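Here is a short tour of one protein chain, written to be read with the structure open beside you. Have a look at it first, and then we can go through it together.

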Amino acid sequence: MKKLVLTAACCLLLGNGIAAAQQSPAMNEGQLNQLDSDKSGSVSKAEYQTFMSAAFTKIDANGDGSISVTEVTKILTPDQFSAMDANGDKRVSRAEFMGQVMKDFAGADRSGDGQLK
Ligand SMILES: [Ca+2]
Ligand SMILES: [Ca+2]
Ligand SMILES: [Ca+2]
């Protein structure tokens, strides 16, 4: 399960966010289904937030409340890590992580209705 979540988080981060230039900006159906916890056919902001918050907890392997480069070597490149590290302290805090992923959500929500489908 842990691996699944990490993979999904990875795909989301890579697919929707900072690496959008190199990757397809759209999530595939499997990723959407995984986030759509109430099976409404779309991913609400709340569903996305809950999922990504849980993903942060899993990524933070040593549970110190922030993500270090070593915890994401398999998920993010150093450049992607720096992009998430808003204050440049070499750690991605939960606030920095959530800030980035919610920005990704807003970017992916082209219709602006707070739902991804
Ligand atoms: Ca839903
Ligand atoms: Ca940590
Ligand atoms: Ca930081």
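## Overall layout

What pattern of helices and strands does the protein chain follow when read along the sequence? The order is α-α-β-α-β-α-β-α-β, made up of five helices and four strands. Please keep in mind that this is a predicted model.

The protein chain has 117 residues, and 24% of them count as buried. Looking at contacts between residues at least 6 apart in sequence, 53% join residues that are at least 24 apart.

Helix α3 runs over residues 45–59, which makes 15 residues. From first C-alpha to last, α3 reaches 20 Å, close to the 21 Å expected at 1.5 Å a residue.

Which residues of α3 are buried? They are Tyr48, Phe51, Met52, Ala55, Phe56 and Ile59. Because these residues cover an arc of only 145° around the axis, they sit on the same side of α3. The face turned away from that buried side carries Ala46 and Ala54, which are exposed.

## Helix α5 and its two faces

Helix α5 takes in residues 94–108, again given as 15 residues. Its first and last C-alpha atoms are 21 Å apart, close to the expected 21 Å at 1.5 Å a residue.

The buried residues here are Phe97, Gln100, Val101, Asp104 and Phe105. They span an arc of only 145° around the axis, so they lie on the same side of α5. On the other side of α5 you will find Ala95, Ala106 and Gly107, which are exposed.

## The nonpolar core

Which members of the largest nonpolar core touch the most other members? Among its 17 residues, these are Met52 and Phe97. Helices α3, α4 and α5 each supply at least two residues of this core, and the largest share, six residues, comes from α3.

Phe97 is worth a click in your viewer. Leaving aside residues up to four places away in sequence, Phe97 touches Phe56, Ile67, Met84 and Val92.

## Glu71, in a loop

Glu71 is in the loop between β2 (66–68) and α4. Is Glu71 buried or partly exposed? Glu71 counts as partly exposed, because it has 18 C-beta neighbours inside 10 Å, while a buried residue needs 20 or more.

Not counting residues up to four places away in sequence, Glu71 touches Ile59, Asp60 and Ala61. Glu71 and Asp60 are 11 residues apart along the chain, and their C-alpha atoms are separated by 6.7 Å.

## Two lysines with positive phi

Most residues other than glycine have a negative phi. Lys39 has a positive phi of about 55° although it is not a glycine, and Lys90 likewise has a positive phi, of about 70°.

Where do these two lysines lie? Lys39 belongs to the loop between α2 (29–35) and β1 (43–44), and Lys90 to the loop between α4 (78–84) and β3 (91–93). Lys39 has 7 other C-beta atoms within 10 Å and is therefore exposed. Lys90 has 11 C-beta neighbours inside 10 Å, so Lys90 counts as exposed; the cut-off for exposed is 12 or fewer.

Note on methods. Residues are numbered from 1 along each chain as its sequence is written. Chains are lettered from A and ligands numbered from 1 in the order in which they are written. This is a predicted model: local features need pLDDT of at least 70, side-chain atom pairs count only at pLDDT 80 or more; totals for chains, interfaces and linings use all residues. The expected span of a helix is 1.5 Å times one less than its number of residues. The arc is that of the directions from the helix axis to the C-beta atoms. Two residues are in contact if their C-beta atoms, placed from the backbone, lie within 7 Å. A nonpolar core is a set of buried Ala, Val, Leu, Ile, Met, Phe, Trp, Tyr and Cys residues joined through C-beta atoms within 7 Å.
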